[in-house]
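Let's take a friendly walk through this structure together. Have the sequence and the 3D view open side by side as you read.

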Amino acid sequence: MTTETQTPDAQAPARAGRPSPGSLVRSLLEDRVALLVVLLVLLVAWFFALSAGGYLVAPYDLSYMASALESMVPLAILGLAQLLVIVSGRGGIDLSVGAMVSLVGMAFGFAYGEWGWSFLPALLLALGAGVVLGAVNGLLVAYLRVPALIATLATYYAYSSLALISNDNAPISTRPLQDLNSITRAVDLGGLAVPRQVFTFLLPVAVVIWLLVNRAPYGRRLYAVGTNEVAARYASLDVARVRFTAYTLSGLLSAVVAVITAAQFASARPDAGTVGNGMALPAITIAVLGGVAIAGGVGRVGGVLVAALLIVWLNAGILLYFEGSQGSQYQLFALGAVLLVSALFNALVLRRRGAT
Amino acid sequence: MSAVATTARPRRVTARAIEGQELVLLGVLAVLWLVLSFAVDTFFTASTLQDLMAAVAPVAIVGVGMTAIIVTGGIDVSVGSAVAVAMVVVGQLVRDSGLPFLPAVAVAVAVGAALGLINGVLVAYGRVHPIIVTFATLNLYRWLAFQIFGGEEVNNIPGTLAALGGGAEGRTAGLPNAFLLAVVLAALMWAYMRYSPTGRHLYAIGNDAHAARLQGVRVTRRLVSVYVITGVMVGLAAVVFIGGGGRIGQAVGTGFELQVIAAVVIGGTSILGGRGTVFGTVLGALLVGTVSAAVTLLGWPSELTALFIGVFILVAVGVDLLRQRRRQSL
Amino acid sequence: MTESEVLLRLTGIRKRYGGVQALRGVDFDVRSGEVHALVGENGAGKSTLIKIISGAETADEGTVEMAGQRLSGNTSAALDAGIATVYQEPQLFGELSVAENIFIGRELTRGPLVDLPTQRAKVDELLDRLGLDRTLADVRVADIPVGEQQLVSIAKAFSHDPKILILDEPSAILTDREIDTLFQVVKGLREHGVGIIYISHRLDELSVIADRVTVLRDGEKVAAHPMREVTIRRIVELMVGHVPAGPPAGHRVAADVEPALEVSGLGRRGRFQDVSLAVRPSEVVAVYGLIGSGTGPLARALYGIDPADSGTITINGQPVSLPTPQAAARTGIALLPGNRKAQGVFGIKSIAFNISVAHLHLLRRLRLWVDRRREQQVATDFIKRIAIKAPGPHTPVNALSGGNQQKVVLARQLVERPGVLVLEEPTQGVDVGAKEEIHKQILALADQGTAVLVVSSDLLEVLELADRVLVVRAGSIVASFGRGASQADVLAAAAGDESGEGTTLDAARAAVSQEVESR
């Protein structure tokens, strides 16, 4: 070899794994979940103060915060979907989640609202449809090696178009779907009315994904493939299958959101996940804010959940601070600013780590 | 000393006017138009073609800039929101202050360029992935547009900018001025990317930014420049949209970025950077516009357009991947 | 050749990296219009010397003079003085034409545009002077083979009008025909009075192309001769000196059993061909070859990374096909990859993660989750067993030294004792202590019955470990040696000296077929 390695490699000291003085600041910088929790506490305290000072149009209190969790459920679940595909590496991203929500929602709407299926078969149909749509993305990205951005942009178009065509651009809001709204009724929790789907959908999904990512063999493989695809291949991992599975799971999670959204709206809307900026953008924002590195291999379930909570309670506060449509506009501002600052911060932390 | 024959097999030469993907696109367009001319009597009429060209113009104009960005390995998903900002600013100025044509164009270009500059600086100096930066500015610019709208649509805009619109006063020799503008901009950009040093550097950056920097390419400066160029194009597209007449709704420009990116990708530009031409993008925009027009003319539900765009993106990328694989196996 | 003026003169160069004395007072000079070959074993100091000449490193002691002017050690000063370097990996841009690549960053312009005609004329002139085909100028670099890209790199370096041109292993990735072209180019440069420093492991090339040869060993210049006065055999002896081979490892008697791994007529187009070999349980066989000789691709084919396209592979008597690494792993083959950083480690992940990642099916409970306690236990055991210097199994691998990272990757191969272990460059870039430890582990594994195939370009390592050494040149096995072979014989065979007294090609083939028949 011409690269004669005369620099002794042994110079690099083994320096990790021990606590150092003043490590609180550093762990805040490097541990995204801890940082987000601190931000969350500060945010809530600030809104409480504003509320107490009478600056808000309505009180920002625990019951308001509890009811705001309703909008967290789809956001957090889709954030977890983005976590899976982004961690899988090679520019992983899924722009089609919103379109899948729309299309699966329509499938569910037809089955449950038009064809008179009972809930469970309709739910299974929806989940199966989500798996198929996700698998199409997975096939394109993992096996045909189409860049994820392009593949999911294309399927975003295709799925959202199919959703709109399926019922001539009209929502399905038959009686069964209107009644389905009951599954999103609040649960009384010691005086706090918490939306039911937090317990029936979000928590189970979060626990399952957490177990999958942190405890199951698949999680190991996923992080391995995202961290170093070549090394994963040399470690005899089936790289394409691992990545394919990530996109398929993203479809499955989108299907879960599709059912929740249909229940929340009491109707299956053909643009449920694509109206406005759609659901994909906020989901990606939450994943990045939660510390998921766009380069792959890095990201935690806890980070995504806390990030979702942060965004949701921030948005809820903004709605009370501004009057009328100003509130929802400032939510856009908050989303963009938070994404930008957290991404710049990510880059800064990475650079610092690289420099030491 | 005699020249050594290095290899015997025929060479692919760079100095060609048209790339493979562009030939394919031309073929697809020709077939599509042929089929449409049989299926729809009114397809090859002046008004249909004029509408088609006028509709294609904004996508092609912004696509010209987007091609340069994607060639450097970047992307800009904020152009839809940026168009909204430029439109509401210029729309209000034209309506309320009676801004004449040229100053209106200048304001639109300045606004677009400023927004592009913000993207460029964040990408080049912040070292954040362009898709994240522009996702963020997509939201921020949309908020900015809402602030300027002030809760109202912009109505009753005078026809100051009709020269760039789709109407009769917006045509020269029967061709929409907006389309001519797109062609001129594309030609300029094509020449820039093909024949100027800094234009060639964009491809080097897309191939290997680190190696390019080592060999004297001013990478940060080039990166900022392509986002600013795209910003300028956004301003011009905004003027074309306003010239098209009608009110400016609050949701204006939503989804525009995806149309532009689709046109660029269908035009054969590699999303991984380093490869692509403006000519391909114009053809890609024409294809998207033709499909959209065809769906309308054939009386199909307009929602089908998106499905076709999705399929065309996949076909274009698939063809490109196949050609690359064949190239590698040489 | 007449004595021409000395262009570049290095005097008393010394350089130390940490505790390693890389160069110990080396004198070196290059005259105009000569090809001066620089040879030496891995670690002899060639790269360091080149870095000092090109200004990438500064010498601790000694001077570098160009045409009598002393050079300050930085790259731009060296470039200005007319020293250009062509590295092994071409730094070209695929989408730009050859002409554009040559002028990137310093384009000739007319007004705002690139002055294509003038640039083209200069490139034509350049290609003519190098004896290259003019039509190359307009071709997109992505469309030409890697070998020709190397020639383009030389043309690019030459466009700076260098007085000294350094070619670092220019032939390693070239095909025979491209090497012919390369030689014509080099001869053309020589005619133009350029002084060329030519680094190569392929000694057979030197008699064709070099005028003088300088041999480095352990950071010292051991000889400098006009090429026509020395034989390849003599150069080889100078390179290896009389270093005794490492302590002979306990001589294992390979059981007279069926080979664990048997390969016959294996080939992959353009990489290696007609390779036949057999490794018995408890046997250590080394495949020795110089850079680019095809040994790396052979190792990768045996693990299904880049599968072979001809020939057969037999594991324990069963013919197998190895289209993927998963297939290879199922048959009990393990591979220690050659490039630790790119192919081996998951840098940000823990030691435990890195070891267990290929063995998750063993660490499952109820097929559902990873038994993390056992995972930690396995990692902790390995940290002790192969002396990985780390605080614990949670330490991220990035925080370890190169040698300890390599031990982690090795540990991954040892979790389930493999039937066949292929190691590609097992100790490249690791410190001496780690090297010893890794060697110890390899031999211990063989003692337990694993068939070991070491693929290496480190001669001493090969001789120390192997019961048999197979020498590969240009993709084929050309010689076979038993234990106790001399370094000079092995190196001579690998470097292309066919007059050597080592086993000849035919004898090697005969030995292999005999081996196959004897079972």
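**Two helices crossing in chain B**

In chain B, α2(B) and α9(B) cross each other in a right-handed manner. Keep in mind as you look that this is a predicted model. To find the pair, look for helix α2 at residues 46-71 of chain B and helix α9 at residues 256-266 of chain B. Their axes come within 9 Å and cross at roughly 65°. An angle from 65 to 115 degrees counts as roughly perpendicular, and α2(B) and α9(B) are therefore roughly perpendicular to each other.

Which residues make this contact? From α2(B) come Val59(B), Val62(B), Gly63(B), Met66(B), Thr67(B) and Ile70(B), and from α9(B) come Gln259(B), Val260(B), Ile261(B), Ala263(B) and Val264(B). Sorted by class, the contact of α2(B) with α9(B) has eight nonpolar residues, three polar and no charged ones.

How confident is the predictor about chain B? The mean pLDDT of chain B is 88, with 93% of its residues at 70 or more. Residues 1-17 of chain B are a stretch to treat with care: pLDDT stays under 50 there, and the model has 31 contacts beyond four places in sequence for them. Where pLDDT is low, the predicted coordinates should not be read in detail.

Now turn to chain A for another helix pair. Helix α4 covers residues 97-114 of chain A, and its axis comes within 8 Å of that of α6(A), with a crossing angle of roughly 30°. Angles under 35 degrees count as roughly parallel, so α4(A) is roughly parallel to α6(A). The crossing of α4(A) and α6(A) is left-handed. Ala99(A), Met100(A), Ser102(A), Leu103(A) and Met106(A) of α4(A) take part in the contact, and they meet Thr155(A), Tyr156(A), Tyr159(A), Ser160(A), Leu162(A), Ala163(A) and Ser166(A) of α6(A). These residues divide into eight nonpolar, four polar and no charged.

Next, look at where chains A and B meet. Here 34 residues of chain A are in contact with 33 residues of chain B. On the chain A side, α6 (148-166), α12 (280-289) and α14 (326-355) each supply at least two residues. That side of chain A has 25 nonpolar and nine polar residues, and no charged ones.

Finally, chain C. The domain assignment divides chain C into domain 1 (7-82 + 162-243), domain 2 (94-161), domain 3 (257-332 + 417-519) and domain 4 (343-415). Between the C-alpha centres of domain 1 and domain 4 of chain C there are 42 Å.

Notes:
Residues are numbered from 1 along each chain as its sequence is written. Chains are lettered from A and ligands numbered from 1 in the order in which they are written. This is a predicted model: local features need pLDDT of at least 70, side-chain atom pairs count only at pLDDT 80 or more; totals for chains, interfaces and linings use all residues. Domain bounds come from an automatic or database domain assignment. Two residues are in contact if their C-beta atoms, placed from the backbone, lie within 7 Å. Helices (H or I, at least four residues) and strands (E, at least two) are DSSP runs, numbered from the N terminus. Ala, Val, Leu, Ile, Met, Phe, Trp, Tyr, Cys and Pro count as nonpolar, Asp, Glu, Lys and Arg as charged, and the others, Gly among them, as polar. Axes are lines fitted to C-alpha atoms, for helices over the stretch in contact, and angles run from 0 to 180 degrees between N-to-C directions. Angles under 35 degrees count as roughly parallel, over 145 as roughly antiparallel, 65 to 115 as roughly perpendicular and the rest as oblique. A crossing is left-handed if the near helix is turned anticlockwise from the far one by less than a right angle, and right-handed if clockwise. pLDDT is the predictor's confidence in each residue, from 0 to 100.
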